[in-house]
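Subject: Structure handover

Dear colleague,

Here is the structure we discussed. My notes on it follow below.

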Amino acid sequence: MFKFITDRSFWVNLLVAAVLALSLIFLTLEMLGWITKHGEYLTVPAIKGKPTEEAIKLLESKGFDVTIQDSVFTDTLQRGIVIKQLPDAGATVKVNRTVFLTVNRYMPPMVAMPALEGKSLGFALDLLQRSHLQLGDTTFKPDFMKGSILEQQYNGQRIETGTNVIWGSKISLVIAGGLQDEQILVPDLVGKTFAEGKVTLEAMGVNIGAVIAKDAIKDTAGAFIYRQNPDRYNYEKKPMYIHPGQLMDIYISRQMPLPDSVSLKQ
């Protein structure tokens, strides 16, 4: 074999080598063209608005690769449909081109409950909308902070700020209705437990203000009330009155107050 090569002139060998190299390059390019389907183009179909599974089958049947690039949730659109495609419909691309899809999720995501308590009603409604939540029932409770949110509720129970709820959930609000013209006698809570006093005040529509503990207390509900503000009687021993929605400060202790402190100030 080597003798065959050496018997030929240098230029003949060079020409043969060049022909072989060109042939190899040509064959390589042809194979690459065949593998990549060079020169073949497809038109991207319109799949926006179609169910995701149907859109994927359609694209794959026409020779496209498909990747779900993102999934979002829009409650005004049908769930599970394609809401965006890239390349756009009608674009001319090579075979095997990947089409990226953005789809509308089937299940709504969870959102964090915003802090509404203490906010004005208008501000609270804006927060609900921005958090993708809806306004449920509204109830009014006598309170001097008229128009502010006293409590936020979900499914009839108070819900803490930051708790995860389903997108679009209805949040009920307890709103301060201001002080009522009605006057009621200040109740005598001294000697009662904090739990008993709380029930009494709630029944009258009076709100608890500050709770001041005389000593270290582990069980606030079972602690005893030894002082209140306002008192049942004024310095002239006349009954005091209060409006529904006003605040009453409560002073509590672990020990039952002495009989002298329990007796009405007569």
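Where is the place of phenylalanine 144? Phenylalanine 144 sits in the loop between strand 7 (134-141) and strand 8 (149-154). Before going further, please keep in mind that this is a predicted model.

Surface patch

Phe144 belongs to a nonpolar surface patch, made together with Met145, Leu179 and Leu247. The area of this patch is about 350 Å². Phenylalanine 144 itself has 44% relative accessibility and therefore counts as partly exposed.

Strand 5

Strand 5 covers residues 98-104, and five of its seven residues are buried, so the strand is largely enclosed by the rest of the structure. Strand 5 is paired with strand 2 (residues 65-72) through seven bridges, and these two run parallel. Within that pairing, valine 66 has valine 99 of strand 5 as its bridge partner. Strand 5 is also joined to strand 3 (residues 82-86), here by four bridges and in an antiparallel arrangement. In this case valine 82 is found opposite valine 103 of strand 5. As a general point, side chains in a regular strand alternate between the two faces of the sheet.

Salt bridges

The count of salt bridges comes to six. I describe several of them here.

Glutamate 54 and lysine 50 meet through their side chains in a salt bridge, at 3.8 Å from N to O. Glutamate 54 is partly exposed, because its relative accessibility is 43%. Lysine 50 has a relative accessibility of 26% and so counts as partly exposed.

Aspartate 126 forms a salt bridge with arginine 130, and the closest N and O atoms are 2.9 Å apart. Both residues are in helix 4 (residues 121-130); they are four residues apart, so about one helical turn separates them. Aspartate 126 has a relative accessible area of 32% and is partly exposed. Arginine 130, at 53% relative accessibility, counts as exposed, because the cut-off for exposed is over 50%.

Aspartate 215 and arginine 254 have side chains that meet in a salt bridge of 3.9 Å, N to O. This pair links distant parts of the chain, the two residues being 39 residues apart. Aspartate 215 lies in the loop between strand 13 (207-213) and strand 14 (224-229), while arginine 254 lies in the loop between strand 16 (247-253) and helix 6 (259-262). Aspartate 215 is partly exposed, with a relative accessible area of 26%. Arginine 254 has 52% relative accessibility and counts as exposed.

A network of salt bridges links Glu117, Arg158 and Glu160.

Serine 172

Is serine 172 buried or exposed? Its relative accessibility is 18%, so serine 172 counts as buried; the cut-off for buried is under 20%. Serine 172 is placed in strand 11 (residues 170-176). A polar atom of the serine 172 side chain lies 3.2 Å from the backbone nitrogen of aspartate 137. Leaving aside residues up to four places away in sequence, serine 172 touches Gly136, Asp137, Glu151, Gln152 and Gln153.

Regards

Conventions: Residues are numbered from 1 along each chain as its sequence is written. This is a predicted model: local features need pLDDT of at least 70, side-chain atom pairs count only at pLDDT 80 or more; totals for chains, interfaces and linings use all residues. Side-chain values use heavy atoms; hydrogens and water are left out. Buried means under 20% relative accessible area, exposed over 50%, partly exposed in between (1.4 Å probe, protein chains only). Two strands pair if DSSP finds at least two bridges between them. Patches are made of residues with over 30% relative accessible area and no salt bridge: like charges are joined within 9 Å, nonpolar side chains (Val, Leu, Ile, Met, Phe, Trp, Tyr) within 5 Å. Accessible areas come from the Shrake-Rupley method with a 1.4 Å probe; for residues, only the protein chains shown count as cover. A salt bridge is a side-chain nitrogen of Lys or Arg within 4 Å of a carboxyl oxygen of Asp or Glu. A polar contact is a pair of N or O atoms within 3.5 Å; within protein, one must be able to donate a hydrogen and the other to accept it, and residues adjacent in sequence count only if both atoms are side-chain atoms. Contact means heavy atoms within 4.5 Å.
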